[in-house]
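Reader: Before I rely on any label in a description, I would like to see how it was reached. Could you take me through the terms one by one, setting each value against its cut-off?

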Amino acid sequence: MSPSRGRRLGAFVFLSPGLTYLVVLLLVPLVLVLSYTLFQRGRFGGVVYEVTGENFSRLLDPLYLGVVGTSLKLAGLTTLIALLLGYPTAYLIAQLPRKWKTVALVAVVLPFWTNFIIRVYAWIILLNGPGLLNSGLKALGLGPYELLYNQGAIVLGLLYSYLPLMVLPLYAAIERLDPQLREASANLGASGFTTFRKVTLPMTVPGVLTGCLFVFVPSFGNFVIPEMLGGGKSIMVGNLIRTEFLRARDWPFGSTLALALVAVLVVLLIAQSWAARRG
Amino acid sequence: MGRSKWLHVPFWATYVFLYVPIIVLVVMSFNSGKSAYTYEGFSLKWYGELAQDERIRDGLVNTLIVAVGSTALATVLGTLLAVGLVRHTRSKTLDAFALMPAVLPDLVLAIGLLVFYGMIQLTLGLYSVILAHAVFSMAFVAAVVRTRLTNADTSLEEASRDLGAGPVVTFMKVTLPQLAPGIIAGALLAFTLSLDEFVIAFFTIGNTEQTLPIVIYSMIRFGVTPKINALAAILLLVSFTAVIAGQRITKIGESRATD
């Protein structure tokens, strides 16, 4: 057997099982979803294979555009708060002595490795009518307030679920910084804030962008948190998709919503890599 | 450090925010009363009720079946894929394709598979979830094994070939043992991800079976009881132990590797 034939055989043996699997169970399903955006729903669910642009014009209905807008707003707000909490946290972790650094990092990641549904459930316990927060407020002579089943509760749940995904890339970016740069800036007379603004922050922009993406992506497409903490109304795109697929049985329109979701994320990814290259 | 004192506020806020809900959940699991919110006194009775709940037990068994099945599938396919991608091709497209399931929103993969299973008229059940979980798990296994592979020393494989061993023997006796820590780490990651996975399982499991996250989800929809708190406390304990044990194991592995 010639070496080049051996190489090709090797490539085939190693690559074909995994790639075949991905083609059948990832590529084909995605192409199916994509093609469904062009078809009509059947009267009793299912799909009628007649091409139509109806799904896309329905997407432009203010009702659905509003849901996309709300999703952008809630995911964006979550990302912003995560950044404001996560940056100082990552910054301080990076300054800790080696031993404590590991402890602090594991402590950030630990909740992330527990069951997702349980983590969301914890907030039902805290925010509910007779829950802990309302009891605390009552002791102060306030409330009770309806803390659950609103957009604030959704942001809280999203933040709780994905904050670790902001801290980790930020920590990696800050840790990589050369401390001498900051010393040089301080020696040249810059204040702590100026050093942060002119040295630390610009050099950690790629980490900031990665962290924001890590939080925004799962927040934007979420349906579990808005359903559990937002009261089951169709608030975010994820809820709509879930309803179209499992309740309304309008798979073509559900597919169109999913395409819109992916399109927003792809635009963000492109923007991120563009910003990272410039930064 | 004096100037950055104000940074301590968000720092501690992060940890308080991350841990208060967990602590409240655990405390409430020992509640003797019927409410999941108001503490009335210490009791272990909800743990006893939990042990007798058949639905939870079935859910746990199903979750383990799915996790073991998808991990086995993902580990074999992901390891082969990683070797193929590092050693046998330079295609960036294939690289991106292999990692795609790890970055694709879970909801999109979930509806894609639901549509696909519907098209080929597959009866939904545990095996359809196993196949589904292996899709994203494989990407994670491949990513972990890859890092190990790019750092691996190829001279051992060359030596094996020079001494007359065939490609199969070389792969089994030299490459695989070298990759073992990466494969184990990847498999553990796949297993944990599958245990916790909700969205894809929810869409692809059908109406006859339930995994544990789905059981918990539907229990919560019917109302919260301290029983769910007790289950939550146990799951928290299990995953905390697993993460800390995993941390220890990788530390030992690293110190051995550098020796």
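Reader: How many helices and strands does the secondary structure of chain A come to?

Author: The secondary structure of chain A comes to 13 helices and 2 strands, where helices are DSSP runs of H or I with at least four residues and strands are runs of E with at least two, numbered from the N terminus. This is a predicted model, in which local features need pLDDT of at least 70 and side-chain atom pairs count only at pLDDT 80 or more, while totals for chains, interfaces and linings use all residues. Residues are numbered from 1 along each chain as its sequence is written, and chains are lettered from A and ligands numbered from 1 in the order in which they are written.

Reader: What are the numbers of helices and strands in chain B, and what makes chain B more spread out than a compact globule?

Author: Chain B has 11 helices and 0 strands. The globule rule, 2.2 Å times the number of residues to the power 0.38, is set against a radius of gyration taken over C-alpha atoms; for the 259 residues of chain B the rule gives 18 Å, whereas the radius of gyration is 23 Å, well over that value, so chain B is more spread out than a compact globule. Its C-alpha trace spans about 75 × 65 × 35 Å along the principal axes.

Reader: What share of the residues in each chain counts as buried?

Author: A residue is buried if 20 or more other C-beta atoms, placed from the backbone, lie within 10 Å of its own, exposed if 12 or fewer do, and partly exposed in between. By that count, 42% of the 279 residues of chain A are buried, and 41% of the 259 residues of chain B are buried.

Reader: Which residues touch the most other members of the largest nonpolar core?

Author: They are Trp123(A) and Ile111(B), in a core of 147 residues; such a core is a set of buried Ala, Val, Leu, Ile, Met, Phe, Trp, Tyr and Cys residues joined through C-beta atoms within 7 Å. Contact likewise requires C-beta atoms, placed from the backbone, within 7 Å, and, not counting residues up to four places away in sequence, Trp123(A) touches Ala153(A), Leu156(A), Gly157(A), Tyr160(A), Leu229(A) and Pro21(B).

Reader: How many residues does each chain bring to the contact between them?

Author: The contact takes 60 residues from chain A and 60 residues from chain B. The largest share of the side of chain A that touches chain B comes from α1(A), with 17 residues.

Reader: Why is the packing of α3(B) and α6(B) called oblique?

Author: Helix α3 (residues 54-87) and helix α6 (residues 126-151) of chain B pack at an angle of about 40°, with their axes 5 Å apart. Axes are lines fitted to C-alpha atoms, for helices over the stretch in contact, and angles run from 0 to 180 degrees between N-to-C directions. Angles under 35 degrees count as roughly parallel, over 145 as roughly antiparallel, 65 to 115 as roughly perpendicular and the rest as oblique, which makes α3(B) oblique to α6(B).

Reader: What is the handedness of the crossing of α3(B) and α6(B)?

Author: The crossing of α3(B) and α6(B) is right-handed, a term used if the near helix is turned clockwise from the far one by less than a right angle, left-handed being the anticlockwise case.

Conventions
Contact = placed C-beta atoms within 7 Å.
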